[in-house]
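Please read the following report alongside the sequence and the coordinates.

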Amino acid sequence: MTSPTPTDAPTATAAARLRVGVVGVGQRAYIAHHVAASGEAADLVVAADTTPEGRDRAAVEFPGVAVVASHHDLVGRVDAAIVTTPDSTHAAIAIDLLRAGIAVYLEKPLATTVADADAILAVAAETGTPLYVGHNFRHAAVVRLMHDVIARGEIGEVKTIWVRHFVGNGGDYYFKDWHADRSQTGTLLLQKASHDIDVVHLLAGAFTQRVVGMGDLMVYGDVDDRRERPGETVGDWFSFDNWPPASATGLNPVVDVEDVSMMMMTLDNGVVASYQQCHFTPDYWRNYTVVGTEGRLENVGDTGGGVVKVWNRRHDWQVAGDVEYPIDGVEAGHADADVAAVTEFLAFVARGVLPTLSPVAARAAVAAGALAAESLRDGSTPRDVPPLPDAVLAHFARLSAATSAAPVTDASSSIAQPTPTAQPTPTASAGSSSPDPVAP
């Protein structure tokens, strides 16, 4: 594949089919199946994993696909690679592939440190090789719906955003393998919260400028039942019967990431935001509250069957919103968002269709999360986000749909906005005198 110049998006000839590889055959490697579902002229041709168990898993998961032991073995075999390895390996693998001219889909988070994130972006800008970061939650129906409510002006100008994240499956998802080890993960404010930090930035139309964090390891640090899990993935041990959290078994030998984390953010357009994450709640979902100058919105449920409620008239408290919008999409997980993200990556590489998410936004999420973790481990002292070099910003501005997308609240912001969805039919609350929402 010919790498694009800084002024051109990548293109492929009509006759060529994109050869795609997947690096790391663990729990998230299933997204490589979406290559076939993308509708693009692309084929999964090779899978790489450094472990014998991973290579055996690849042979079963991707029959007929070549299986190799290293990402270096992809050179000459593929045009693009989907990287789903542990977070601490992202920088080294991505930089190797980018330098080899292989377009990279990198699972979020972009990296575990600001320095590594900046190094990846610098190499992508230097080589011109396409880089895409899998912040799939931007494609989730609940996020697109909240974005559209804000873009229509239904709550006025956004001023503050609060996020509560109930990670009911946290014990199984994040404390029984490498995720529990901060040397591999950095912080769950990256592995888990980077989705939500990115959405905060999207809805506010700006990036975090200053952050303060606080948190602790409150439950899982006291669980003594621990063991190695060679060759296993989360599907081997996950169960809703694993309750209550204090009775968990088979935790990772090293558990030193916080199971409760909170952060407060000041964004560069003046919006203030907060995020709270708990890994021992019984329920599993996230709740956003966005308050503007003319109302507020809040989601109840974050998948199909949930609802986004808008209160935009003054009154006493009421459970029902003044206007309510049903959330469509899958009823659990984010499989539809995964398909959308992989498809967007392949369309970018194969046909030059500009993506809605710039790697600059992915770096902003890493910076906020990583620095919040530094803050909470240092007495909650504030941290300021360092700027990216102008040349790196300019490169990605030319290769992102962000350059033509108006932000929600700030005309100078370069945050990519997803394509507005069709406006869902609202329902009026029983106590509402006028259910008519602002037209899209």
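This is a predicted model: local features need pLDDT of at least 70, side-chain atom pairs count only at pLDDT 80 or more; totals for chains, interfaces and linings use all residues.

Residues are numbered from 1 along each chain as its sequence is written, and side-chain values use heavy atoms, with hydrogens and water left out.

The chain has 12 helices and 16 strands, where helices (H or I, at least four residues) and strands (E, at least two) are DSSP runs numbered from the N terminus. Of its 440 residues, 56% count as buried; buried means under 20% relative accessible area, exposed means over 50%, and partly exposed lies in between, with a 1.4 Å probe and protein chains only. Among contacts (heavy atoms within 4.5 Å) between residues at least 6 apart in sequence, 75% join residues at least 24 apart.

Helix α3 (residues 90-99) packs with helix α4 (residues 114-127) at an angle of about 5 degrees, the axes being 9 Å apart. That angle makes α3 roughly parallel to α4, a term for angles under 35 degrees, with axes fitted to C-alpha atoms over the stretch in contact and angles running from 0 to 180 degrees between N-to-C directions. On the α3 side the contact includes H90, A91 and L98, and on the α4 side it includes D116, I120 and T127. The residues of this contact divide into eight nonpolar, two polar and three charged, where Ala, Val, Leu, Ile, Met, Phe, Trp, Tyr, Cys and Pro count as nonpolar, Asp, Glu, Lys and Arg as charged, and the others, Gly among them, as polar.

The structure holds nine aromatic pairs, a pair being rings of Phe, Tyr and Trp (its six-membered ring) with centres within 6.5 Å, whose planes count as stacked under 30 degrees apart, edge-to-face over 60 and tilted otherwise. Two of these pairs are tabulated here.

| Ring pair | Centre to centre | Angle between planes | Class |
|---|---|---|---|
| Y173 and Y174 | 6.1 Å | 90 degrees | edge-to-face |
| F238 and F240 | 5.3 Å | 75 degrees | edge-to-face |

Y173 is partly exposed at a relative accessible area of 27%, whereas Y174 is buried at 7%. F238 is partly exposed at 28%, and F240 counts as exposed at 69%. Ring pairs link Y173, Y174, F238, F240 and Y284 into a cluster.

Arginines also lie over ring faces: R286 over F137, at 4.2 Å from the ring centre, and R296 over W311, at 4.1 Å. A charge sits over a ring if NZ of Lys or CZ of Arg is within 6 Å of the ring centre and within 35 degrees of the ring normal.

V167, in strand β7 (residues 158-167), counts as buried at 0% relative accessibility. Not counting residues up to four places away in sequence, V167 touches residues including Y174, K192 and Y284. V167 and K192 are 25 residues apart in sequence and 9.0 Å apart in space, C-alpha to C-alpha.

As for the backbone, the peptide bond from K108 to P109 is cis, with omega near -5 degrees, and P109 is found in the loop between β5 (103-107) and α4. The bond from W243 to P244 is also cis, with omega near 0 degrees, and P244 is found in the loop between β8 (208-216) and β9 (260-267). S380, although not a glycine, has a positive phi of about 60 degrees.

How values were computed:
Angles under 35 degrees count as roughly parallel, over 145 as roughly antiparallel, 65 to 115 as roughly perpendicular and the rest as oblique.
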